[in-house]
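Dear colleague,

I am passing on the structure we spoke about, with the sequence alongside. Please look it over first, and then read the notes that follow.

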Amino acid sequence: MITRSLAVALMASALAGQALAQTPPPPVDQAFLTAVKACTANVQGNLAFNPPSDALTAAGVFQADSGSAADLLAFKDMSASARIFVSTFSSSGQILAASDTTQGICRVAADDVTTPQIAAIQAAVRGLAGDWVPQSNTGGATTYSGTIGSSSQLMFEARVPAAGAGYGSAGIILTIMNPAGPG
């Protein structure tokens, strides 16, 4: 026999499942942009990645484990003891970001993305970061740099690594730097 409270719980669960089914994750470019905005707030001292908080939820990211060994290759030059990871999901999978406040940087990586998805990510981020100035094409990665928004204080470096270049499955990596420190 199903009790009234069990029936209500089952109905609520079914409705919640329908709501989730009707809200698909955003495309990879929009999810990447969400992570970039969270990183920008982080390096400015406006969004701590630890501990988990309502502010992280409002920013569209959540605290995450560091991921698999292949996922970590995009973050290999960041101090393992200082980096704190957050993540967001897209229709194409997970976007991972890490903050290292000791270096004043925050990095976003999209794994296993296609060339058209990389182009879409670059187009989405250009709205926030302006023109991308090519810096080099060495070490298995095309590197770009520029400033974020109208701030000359915040800079970025984007890498589009070639397969097998030592960055795991990362198709695009964007690092936001705040040389002046938070604030």
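A polar contact, as the term is used here, is a pair of N or O atoms within 3.5 Å, and within protein one of the two must be able to donate a hydrogen and the other to accept it. With that in mind, and bearing in mind that this is a predicted model, a place to begin is S90, where a polar atom of the side chain lies 3.0 Å from the backbone nitrogen of S92.

S90 belongs to strand β2 and is buried, its relative accessible area being 6%. Once its neighbours within four places in sequence are set aside, S90 is in contact with P25, P26, P27, V28 and A31. The C-alpha atoms of S90 and Q30 are 7.8 Å apart in space, although 60 residues separate them in sequence.

Which cysteines form the disulfide? A search of the whole structure finds one such link, and it is formed by C39 and C106, with their sulfur atoms 2.0 Å apart. The link of C39 and C106 is left-handed, with -55° about the S-S bond. It links distant parts of the chain, given that C39 lies in helix α2 (residues 28-43) and C106 in strand β4 (residues 105-111), 67 residues apart. C39 is buried at 0% relative accessibility, and C106 is likewise buried, with a relative accessible area of 0%.

Turning to the rings, the structure holds two aromatic pairs. One of them is formed by F62 and F89, which are stacked, with 5.5 Å from centre to centre and 20° between the planes. Because F62 lies in strand β1 (residues 62-63) and F89 in strand β2 (residues 83-90), this pair ties together parts that are 27 residues apart in sequence. F62 is partly exposed, with a relative accessible area of 35%, and F89 is also partly exposed, at 43%.

The rings of F75 and F85 have their centres 5.2 Å apart and their planes at 85°, so this pair is edge-to-face, planes over 60 degrees apart being counted that way. F75 lies in the loop between α4 (69-72) and β2, whereas F85 lies in strand β2, and the pair therefore ties together parts that are 10 residues apart in sequence. Both F75 and F85 are buried.

One further ring deserves a mention, namely that of Y167, over which the charged end of K76 sits, 4.4 Å from the ring centre.

Key
Residues numbered from 1 in each chain as written. Predicted model: local features only at pLDDT ≥ 70, side-chain atom pairs only at ≥ 80, totals over all residues. Heavy atoms only, no water. Phe/Tyr/Trp six-rings, centres within 6.5 Å; stacked < 30°, edge-to-face > 60°. Helix = DSSP H or I, 4+ residues; strand = E, 2+ residues; numbered from the N terminus. Buried < 20%, exposed > 50% of the residue type's maximum accessible area, 1.4 Å probe, protein only. Lys NZ or Arg CZ within 6 Å of the ring centre and 35° of its normal. Contact = heavy atoms within 4.5 Å. Disulfide = S-S within 2.5 Å.
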